[in-house]
Amino acid sequence: MLQGEHLTLTYRDGESTLDAVNDVSLSVEDHQFIGILGPSGSGKSSLLYLLSGLRRPTAGDIYLDGRAYGKMPDRERVALRRSEYGFVFQQHFLINYLTSLENVMVSSPVQDKAHAEQAKALLTDLGLGEKLHRFPYELSGGERQRVAIARAMVHRPRIIFADEPTGLLDRHTGLQVMGLLRSYRDQGSLIAVTHNPEILTEADLVIRMRDGQVIKVEDRVARKTEEATA
Ligand SMILES: Nc1ncnc2c1ncn2[C@@H]1O[C@H](COP(=O)(O)OP(=O)(O)OP(=O)(O)O)[C@@H](O)[C@H]1O
Ligand SMILES: [Mg+2]
């Protein structure tokens with residue numbers, strides 16, 4: 001469905017340059033759960049920005065159903081990103097003067113009662129049923145992160161990109177949130193960046209990055225199939 005081919009993202013800082021992503025190729029299939037692990041600064045967020053069309057690669061291209069981002073006008077790429085993808089950022093980026101429910105509705109394609117009910121149900125599933133009308137500054141860090149997760153899911157995107165979705169959560173809440181994200185696989189794919197391998201126990205594919213490169217790909221589905229047939 002989604003393919004990144006020979007992706008490189010070079011940041012320029014005066015005279016020096018840094019390849020945050022260095023010749024990475026990666027495919028995402030329908031209903032697949034991909035985990036990305038790697039030390040701080042290894043290029044995990046940068047890779048998500050490229051795959052989701054938030055940033056343009058310095059080299060390489062990304063294809064959704066065979067259509068190259070590189071050939072798309074900006075407007076089309078932005079529209080595609082809004083309808084097909086959901087993004088949970090490392091920082092939550094909620095709008096401070098909107099309530100939890102309004103922050104989620106921002107990414108809903110239609111602002112009607114049915115969609116508002118769906119947003120409420122999602123927030124309730126994430127344990128925020130009592131806090132629909134709170135503003136972000138009236139929520140804890142973990143609660144804000146859960147609102148951001150609801151916002152990424154509400155328009156039922158084909159792929160959710162989650163950048164450290166549980167980084168701010170305690171273990172119990174983190175596992176609960178991962179459970180909800182994982183259950184999204186019935187509807188679409190999930191790509192999650194994390195420092196915590198524990199939340200990737202059900203991932204189909206685990207990718208390890210270092211210095212902008214993929215140093216290891218662990219295909220857990222293939223391994224499970226081998227184990228089952230051995
Ligand atoms: N806007 C930028 N300009 C210049 N360099 C950048 C920029 N954004 C990131 N970098 C550098 O690119 C490299 C990769 O950064 P990136 O944010 O992708 O890493 P990461 O794996 O997500 O790290 P973390 O786990 O800390 O979030 C780092 O060395 C970082 O300093
Ligand atoms: Mg990051």
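Predicted model: local features only at pLDDT ≥ 70, side-chain atom pairs only at ≥ 80, totals over all residues.
**Strand β3 and its surroundings**

Strand β3 and strand β9, residues 205-210, pair in the parallel sense, and 4 bridges connect them.

Which residue in β9 is the bridge partner of Gly35? It is Val206. Further along the pair, Ile36 stands opposite Ile207 in β9.

β3 also pairs with strand β8, residues 189-193, again in the parallel sense and over 4 bridges.

Is strand β3 mostly covered or mostly open? Running from residue 33 to residue 37, β3 is mostly covered, with 5 of its 5 residues buried. I would ask you to look at the directions of the side chains in the structure. Phe33, Gly35 and Leu37 point one way from the strand, while Ile34 and Ile36 point the other way, and all of them are buried. Both faces of β3 therefore hold buried residues, where buried means under 20% relative accessible area.

Strand β9 pairs with strand β10, residues 213-219, in the antiparallel sense over 6 bridges. Within this pair, Leu205 stands opposite Asp219 in β10. The two strands form a hairpin with 2 residues between them, and Asp211 in that turn has a positive phi of about 50 degrees.

This value deserves a remark, for most residues other than glycine have a negative phi. Where else does a residue other than glycine show a positive phi? His6 has a phi near 50 degrees, and His6 lies in strand β1, which covers residues 2-13. Asp65, which is not a glycine either, has a positive phi of about 50 degrees. Asp65 is found in the loop between β4 and β5.

What is the order of the strands in the open sheet of 4 strands? The order is β2-β1-β4-β5, and the pairing is antiparallel. β2, residues 16-28, and β5, residues 67-68, stand at the edges with a single partner strand each, so one side of each has no neighbour in the sheet. At the β5 end, 2 bridges join β5 to strand β4, residues 59-64, and the two run antiparallel. Tyr63 has Ala68 in β5 as its bridge partner.

Finally, I turn to the chain as a whole. Its secondary structure comes to 7 helices and 10 strands. The radius of gyration is 18 Å, close to the 17 Å that the globule rule gives for 230 residues, so the chain is as compact as a globular protein of that length. Along the principal axes, the C-alpha trace spans about 50 × 45 × 35 Å.

How much of the chain is buried? Of its 230 residues, 49% count as buried. As for contacts with a separation of 6 or more, 67% are accounted for by residues 24 or more positions apart. The accessible surface comes to about 11500 Å², and 48% of it belongs to carbon and sulfur atoms. The chain carries 28 positive and 31 negative side chains, and the centres of these two sets lie 3 Å apart.

Terms used
Residues numbered from 1 in each chain as written. Chains lettered and ligands numbered in written order. Heavy atoms only, no water. Buried < 20%, exposed > 50% of the residue type's maximum accessible area, 1.4 Å probe, protein only. Pairing = 2+ DSSP bridges. Rg over C-alpha atoms; globule rule 2.2 N^0.38 Å. Contact = heavy atoms within 4.5 Å. Areas by Shrake-Rupley, 256 points an atom, 1.4 Å probe, with all protein chains shown as cover. Lys, Arg positive; Asp, Glu negative; His and termini not counted. Charge placed at Lys NZ, Arg CZ, Asp CG, Glu CD.
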